[in-house]
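Hi everyone, thanks for coming. Today I'd like to walk you through one protein model, so please have a look at it with me.

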Amino acid sequence: MKIRVSAVQYKLQNIKSFEEFAKQCEHYVRTAQEFGAEFVLFPEFFTTQLLSMGDGQNPLTINELPGFTEQYQTLFRTFAVQTGMHIIGGTHVIRRDDKLYNVAHLFYPDGRIEEQAKLHITPTEVEEWNMEKGDSFRIFETDKGKIAILTCYDIEFPEIVRMAKAKGADVIFCPSCTDDRHGFHRVRYTCHARAIENQVYVVVTGTVGSLTNVDFMRANFGQAAIITPNDIPFPPKGIMAEGELNDDMIITSDLDLSLLYEVRAKGSVTTWRDRRTDIYTDWETIEG
């Protein structure tokens, strides 16, 4: 009933080749493997580091990031198969029908790749990068239980996490990318709210560092955290582990799923059981 998870505070820094990107990613993956992690989470938009390969005269743009999709997927599929870990490979921008989507990728140890497009798009993503909203939401089955992947802004909408819990997800993975304290705390505070409301674990992480020649990625403010419900037998502040703010590092902790079932049944509060489904939506009764 326990899952060991790691979350990467990925340091964005200018690079000159895909090989540099691959080497940095391998460092984090091997570190998580040494800690015995079964799941490892990378942050949102961390593959924008590939755009820093452009020079000041000819910078690469977000429209060119999908050109790295095959290399990215091959790299992370290899990591997952070699290490036996489930890797939530942050998000990567892909192109479908000439439209750009911000897509989280789940790499299974058996080589499978599953995707979850970001459902709620920020004004910057729309206005500056012309991103499209994802149009479907799913739960992922793993040999350790059901999980959901909700990217950054997604976690700020309580309905979607209600749906995730109703469909059986016990752990929500939240890859994030925020450029200032305001954005960071919006995501962080709502992660705590979603954990309390639904009595689930939330694993969140963000980018740190700077890409000096990539527009809208010049500033990053991030911290990884493994968040629990606020009840005995969890930590009083609902934080199982957290990184040092804006440092290049990885955090690791064990999630005991049996504790979730315990507090849902007889906790100090039973927020999931006590929902007023007579006056608002009961997502457990809705198919699809």
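What volume does the largest cavity have? Before I answer, keep in mind that this is a predicted model. The largest cavity has a volume of about 60 Å³, and the count comes to one cavity of 30 Å³ or more.

Now, what surrounds that space? Among the lining residues are Ser176, Cys177, Phe184, Val204 and Phe221. Two elements give two or more residues to this lining, namely helix H5 (181-198) and strand E11 (201-206). With three residues, E11 provides the largest share.

Let's move on to the rings. How many aromatic pairs does the structure hold? The number is 20. One of them joins Trp129 and Phe216 edge-to-face, 6.2 Å centre to centre and with 85° between the planes. Trp129 sits in the loop between helix H3 (123-127) and strand E7 (131-132), while Phe216 sits in the loop between strand E12 (208-209) and strand E13 (225-227), so this pair ties together parts that are 87 residues apart in sequence. Is Trp129 buried or exposed? Trp129 counts as buried, because its relative accessibility is 8%, under the 20% cut-off. Phe216, at 41%, is partly exposed.

Finally, look at two arginines. Arg112 lies over the face of Tyr108, 3.8 Å from the ring centre. The charged end of Arg275 sits over the ring of Trp272, at 3.6 Å from its centre.

Notes
Residues numbered from 1 in each chain as written. Predicted model: local features only at pLDDT ≥ 70, side-chain atom pairs only at ≥ 80, totals over all residues. Heavy atoms only, no water. 1 Å grid on protein atoms, 1.4 Å probe; cavity = no way out; pocket = protein on both sides within 12 Å on 5 of 7 lines; lining within 4 Å. Points joined across faces, edges and corners; volume = space filled by probe spheres on them. Helix = DSSP H or I, 4+ residues; strand = E, 2+ residues; numbered from the N terminus. Phe/Tyr/Trp six-rings, centres within 6.5 Å; stacked < 30°, edge-to-face > 60°. Buried < 20%, exposed > 50% of the residue type's maximum accessible area, 1.4 Å probe, protein only. Lys NZ or Arg CZ within 6 Å of the ring centre and 35° of its normal.
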